[in-house]
Amino acid sequence: MFMTTLVAAMALAAQSASPTQATHATHATQQPQQFEHVLVISVDGLRPDAIDGEFLAKLPAFARLERGPHTLDARNDPDITVTLPNHISMVTGRLVKGERGHGWTINDEPPGAKQGGTVHAAKGAYVSSMFDVAHDEGVSTCVAAMKTKFWTLIQSYSWTGGAADTVAPDYGNAKIDAFLYEDNTEALAGAVVDRLHRSKKRTLDFVHFAPPDVAGHSFDWIVAPDSKYFEAVKEVDRGLGLILSAIDSDPHLRDKTAIVLTADHGGGVPRKTHTDNTCPLNFRVPLLVWLGSDSASVDLLAINPERAHPARDQNVGPDEAVQPIRNADVANVALQLLHLGPVPGSICGAPVPLHLAPPASKPAG
Ligand SMILES: [Zn+2]
């Protein structure tokens, strides 16, 4: 019995050889398998009620992504319910405001990097991202987006903006290897699929689909079978279907690729926008984790009792000690799936990452 424990401990120690890998390896619940490829997907303006019940029945790809740990009652930033600040939260694991916030509030094309258009300039200090942690460990990284303001990420984490790689070997300051821009859902999904098929390294890709937000601003956030908004959600579902089919059909990707999906905000208050941060229609978002196969649906809230589980209409401020599951958790969920440690300076899912499986049963005796 002692030898078994010792061998297990040695194996754990070997896994924890690099300092960034240590934190996640020691937490007490079941660790998902180590994935070779992780896609973090943000669906701009996706309300949880659009991928639930009768609507989910019309969305075969979303239905597959709900076959795993997930919640339709995650939250976005408590103060700012617009696009770019929430996406900076997703990649940094921080909220916008407060002492440990990332400080990026602009929701428009950024100023040039030399004119202050980096997350670090907004914060007045370097702000690490999931790209830093993954890239420094030799993972190939990418941003694929349908809005040009995501260039903010490239300005912040390119070879001019990114931090030195202090983990040997040195993979350099550029933390994001590729930026893909498409204004069309199918083209963006195709570009993502192409990159996955060609990948020779492990990958971490951040993918942004815009159509539900675009439809919402033009025709309002109307969750109904024949609404323009739901048409846009179905369009994203077809894009997700292309990605899932590519994973299914490629032995280099099948069972080795995980998907983490969330949204920056919902929408509809005020009409045709989403700026009221006190309204549940704006602040509730989905968070889905697909662990490489259509497994059991698991309630992410139920298996994370340490987190706040506020009433559906209750916003939770950034200074509350116990935070709900937020879209900003996805950075550390993605790193956990790659078996890497959390983003330095992050507060969502760090130091204790979200549990993605029920607690491991204690051995007898
Ligand atoms: Zn919007």
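1. In this predicted model, strand β2 (residues 69-75) and strand β7 run antiparallel and are joined by four bridges. Within that pairing, Thr71 has Leu287 of β7 as its bridge partner, and Arg75 stands opposite Arg284 in β7.

2. Strand β7 also pairs with β6, again through four bridges and in an antiparallel manner, and here Leu261 is the residue that stands opposite Leu288 in β7. These pairings belong to an open sheet of eight strands, whose order is β4-β3-β5-β1-β6-β7-β2-β8 and whose pairing is mixed. The edges are taken by β4 (178-181) and β8 (298-299), each of which has a single partner strand, so one side of each is left without a neighbour in the sheet.

3. How many of the residues of strand β7 (residues 284-290) are buried? Seven of its seven residues are buried, and the strand is accordingly described as mostly covered. Arg284, Pro286, Leu288 and Trp290 point one way from β7, while Val285, Leu287 and Val289 point the other way, and all are buried. This division can be read against a general rule, namely that side chains in a regular strand alternate between the two faces of the sheet.

4. Helix α5 (residues 83-92) lies across β1 (37-43), β5 (203-209) and β6, and runs at about 165° to β5. Ten of the ten residues of α5 are buried, so the helix is largely enclosed by the rest of the structure; among them are Thr83, Pro85, Asn86, His87 and Met90. Just after α5, Gly93 takes a positive phi of about 75°.

5. Ser89 deserves a separate remark, as a residue that lies in helix α5. Its relative accessible area is 1%, and because the limit for a buried residue is under 20%, Ser89 counts as buried. Leaving aside its neighbours within four places in sequence, Ser89 is in contact with Asp77, Arg94, Leu95, Val96, His102 and Ala328.

6. A further point concerns Pro324, which is found in the loop between β8 and α13 and is buried, with a relative accessible area of 3%. Pro324 and Arg75 are 249 residues apart in sequence, yet their C-alpha atoms are 6.9 Å apart in space. When residues up to four places away in sequence are not counted, Pro324 touches Arg75, Arg307, Ala308, Pro310, Val316 and Asp329.

7. Which residues touch the most other members of the largest nonpolar core? In this core of 87 residues they are Val38, Leu46, Phe62, Met130, Leu204, Phe209 and Leu337, and helix α11 (residues 228-249) gives the most to the core, with nine residues. As a general matter, nonpolar side chains in soluble globular proteins tend to be buried together.

8. The zinc ion has as its protein donors Asp213 (OD), Asp213 (OD), His217 (NE2) and His274 (NE2), which lie 2.1 to 2.6 Å from it. Along the chain, these donors follow the spacing D-x3-H-x56-H. The two histidines link distant parts of the chain, for His217 is in helix α10 (residues 211-219) and His274 is in the loop between β6 (257-262) and α12 (280-283), 57 residues apart.

9. Why is the arrangement around the zinc ion irregular? The four donor atoms subtend angles of 53 to 154°, whereas a tetrahedral assignment would require that all angles lie between 85 and 135 degrees.

Definitions and conventions
Residues numbered from 1 in each chain as written. Predicted model: local features only at pLDDT ≥ 70, side-chain atom pairs only at ≥ 80, totals over all residues. Heavy atoms only, no water. Donors = N, O, S within 2.8 Å, 3.2 Å for Na, K, Ca; no water. Tetrahedral: all angles 85-135°; square planar, octahedral: opposite > 155°, others 65-115°. Core = buried A, V, L, I, M, F, W, Y, C linked by side-chain atoms within 4.5 Å. Buried < 20%, exposed > 50% of the residue type's maximum accessible area, 1.4 Å probe, protein only. Pairing = 2+ DSSP bridges. Contact = heavy atoms within 4.5 Å. Axes fitted to C-alpha atoms, helices over the stretch in contact; angles between N-to-C directions.
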